[in-house]
Amino acid sequence: MMTETKAVADPAIDRDWWRGAVIYQIYPRSFQDQNGDGVGDLVGITSRLDYVADLGVDAIWLSPVFTSPMKDFGYDVSNYRDIDPSFGTLEDFDHLVQKAHSLGLRVIIDQVISHSSDRHAWFSESRQSRTNAKSDWYVWADPKPDGTPPNNWLSIFGGSAWSWDSRRMQYYLHNFLVSQPDLNFHNPDVQEALLGEMRFWLERGVDGFRLDTVNFYFCSLGLENNPVVRPEDFNASTAPAVNPYNFQEHLYDKSRPENLAFLKRLRALMDEYPGKTTVGEIGDSQHQLEVMAQYTSGDDHLHMAYTFDYLGGEFSAEHFRKSIAATEAAAPDGWVCLAFSNHDVVRHVSRWAVHGQEAAFTRLAITLLLAMRGSVCLYQGEELGLKEAELSFSDLVDPYGIEFWPEFKGRDGCRTPMVWQAHVRNGAFSTADRTWLPVPAEHLTHAVDTQHEVEGSVLEFYRALLAFRRRHAALAKGSIELVDASGDVLAFIRSHGPERLLCVFNMGAAAAVFTIPAGLTPHGIDCPGVTAAAIDREIDLEPFGSYIGKLG
């Protein structure tokens with residue numbers, strides 16, 4: 001039996017490192033293939049960690065590498081304590097952690113505990129009968145008298161959230177694929193087992209967990225029908241607009257109040273290991289800020305969380321201003337993790353940039369992201385300015401995209417392999433004849449070797465801006481105060497101790513002027529990419545231009 005580690009006071013441990021940290025997300029299947037099978041692996045990731053450290057980030061987040069049948073490419077776990085052979089071994093994982101720590105990088109891993117794979121031993125036992133030892137480890141329900149599912153709940157991946165099992169003559173709940181049954185968090189034994197699985201990785205030296213679909217852990221015991229969402233509350237940020245999932249207000253199948261008690265248990269576990277952190281993914285179109293406030297407020301729940309405010313929505317000063325104000329009002333003592341791209345959404349250059357002005361937009365976007373209040377997640381390849389890959393239907397492997405094609409093309413377009421060398425087969429990602437997803441030809445022109453130490457490249461701009469952020473505590477850990485601005489201009493002040501920075505962004509495709517409010521006197525501080533200056537109480541901003549200056 002594993003012995004418990006008790007928290008001890010150690011002044012050398014920075015317990016607050018996560019606050020304002022920059023985390024680099026690695027999608028393991030697509031980062032580096034070392035064994036030549038066309039799929040990225042842990043040894044490959046380890047071989048590229050020097051590149052990640054040179055960016056100037058604080059940590060990496062690994063999407064799941066656990067044993068899995070890969071129906072949802074690792075987000076369907078069949079063994080929480082082992083590595084899938086396609087990625088390597090536990091020894092490979094330990095070596096990765098050791099190498100990352102030697103480079104000053106912390107390691108955060110995905111924990112997908114709202115559901116497991118239907119190949120997990122727990123589910124195999126649970127589905128055998130209504131009386132076995134794990135019969136209540138998943139969410140089971142009797143049919144209605146006419147044999148139909150117990151309620152109207154929908155799966156995000158399409159169709160009913162209920163699937164019939166002929167052995168038990170009952171339905172089981174799956175918020176995602178049929179092969180991803182939902183665990184029953186109302187059962188204390190399930191909670192205990194999952195916390196034990198997480199302890200296993202804490203003992204192996206990981207520095208934290210990204211918690212997939214953290215608001216999906218509990219459903220209502222009453223299994224009430226979800227109501228129809230009001231037209232004014234319709235929101236397609238959690239699921240694509242073509243998905244009927246958006247037609248319901250998800251009051252009973254997720255974001256349940258019972259989750260708060262479990263998150264306290266989870267935080268208590270984390271506190272046994274000083275300096276570890278949690279970041280939760282909150283998917284709730286109508287209640288995301290309310291849920292984030294509940295999950296991150298105080299010091300006994302999650303350390304931080306992210307919503308889909310900036311992973312969807314619109315790129316406009318109005319949207320960002322409202323989102324920042326709403327976050328500050330709803331969760332003043334909470335902490336948000338910010339991202340514009342990840343493995344689930346269209347890359348933000350393709351989603352938001354204006355045609356012909358992609359270069360200026362890309363620089364503005366990262367300057368804005370690194371200036372906002374919160375921690376930051378960067379997604380592999382965005383530091384190269386990569387756009388969403390255009391794939392044919394025959395190339396798709398994502399079940400989500402296959403289900404809703406062609407109006408929604410799924411997530412494969414943001415998951416294509418990393419490009420390291422422009423003139424090497426598969427961009428030097430793999431020596432295989434065929435990679436699990438194709439390497440887009442248009443990405444090769446953005447490969448790392450075409451940008452490394454090249455003045456003016458997107459990669460060098462990211463490096464310079466990350467270094468700039470590290471030099472200014474106000475950007476990493478400071479408070480934020482919105483400043484009045486008109487049109488396409490977003491402005492705010494970041495403050496930490498004696499340092500106060502005025503941050504101004506023109507989020508439009510036309511030039512703009514920002515009038516400096518009375519009482520503010522900014523001075524330039526050599527922020528990378530900033531050419532604007534404060535002259536005669538005004539700042540002239542180019543299209544997608546920015547300004548960061550020191551006040552006082």
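The following legends describe close-up views of a predicted model.

**View 1. Packing of helix H10 against helix H14.** Helix H10 comprises residues 358–371 and helix H14 comprises residues 458–471; their axes lie 11 Å apart and meet at an angle of about 20 degrees. Because angles under 35 degrees count as roughly parallel, H10 and H14 are described as roughly parallel to each other. The crossing of the two helices, H10 and H14, is right-handed. On the H10 side, the contact is formed by Thr362, Arg363, Ile366, Thr367, Leu370 and Ala371. On the H14 side, Val458, Phe461, Tyr462, Leu465, Leu466 and Arg469 take part. Sorted by class, the residues of this contact between H10 and H14 are eight nonpolar, two polar and two charged.

**View 2. An open sheet of five strands.** The strands follow the order S14-S15-S16-S21-S18, and their pairing is antiparallel. From one strand to the next, the twist averages 35 degrees. In general, the strands of a sheet pair through backbone hydrogen bonds, either parallel or antiparallel.

**View 3. Strands S16 and S21, with helix H10 lying across the sheet.** Strand S16 (residues 499–506) pairs with strand S21 (residues 546–551) in the antiparallel sense, over five bridges. Phenylalanine 505 has serine 546, in S21, as its bridge partner. Helix H10 lies across strand S15 (489–496), S16 and S21. Relative to S16, H10 runs at about 145 degrees.

View 4. The bond from tryptophan 405 to proline 406 is cis, and its omega is near 5 degrees. Proline 406 belongs to the loop between helix H11 (399–404) and helix H12 (441–444). Most peptide bonds are trans, and most residues other than glycine have a negative phi.

**View 5. Positive phi at methionine 169.** Methionine 169 is a residue other than glycine, yet its phi is positive, near 55 degrees. The loop that holds methionine 169 runs between strand S7 (162–165) and strand S8 (170–173).

**View 6. Positive phi at aspartate 536.** Aspartate 536 is not a glycine, but it has a positive phi of about 55 degrees. Its place is in the loop between strand S19 (534–535) and strand S20 (538–541). With a relative accessible area of 71%, aspartate 536 is exposed, because the term applies over 50%.

Notes:
Residues numbered from 1 in each chain as written. Predicted model: local features only at pLDDT ≥ 70, side-chain atom pairs only at ≥ 80, totals over all residues. Heavy atoms only, no water. Helix = DSSP H or I, 4+ residues; strand = E, 2+ residues; numbered from the N terminus. Buried < 20%, exposed > 50% of the residue type's maximum accessible area, 1.4 Å probe, protein only. Axes fitted to C-alpha atoms, helices over the stretch in contact; angles between N-to-C directions. Parallel < 35°, antiparallel > 145°, perpendicular 65-115°, else oblique. Left-handed = near helix turned anticlockwise from the far one by under 90°. Contact = heavy atoms within 4.5 Å. Nonpolar A, V, L, I, M, F, W, Y, C, P; charged D, E, K, R; others polar. Pairing = 2+ DSSP bridges.
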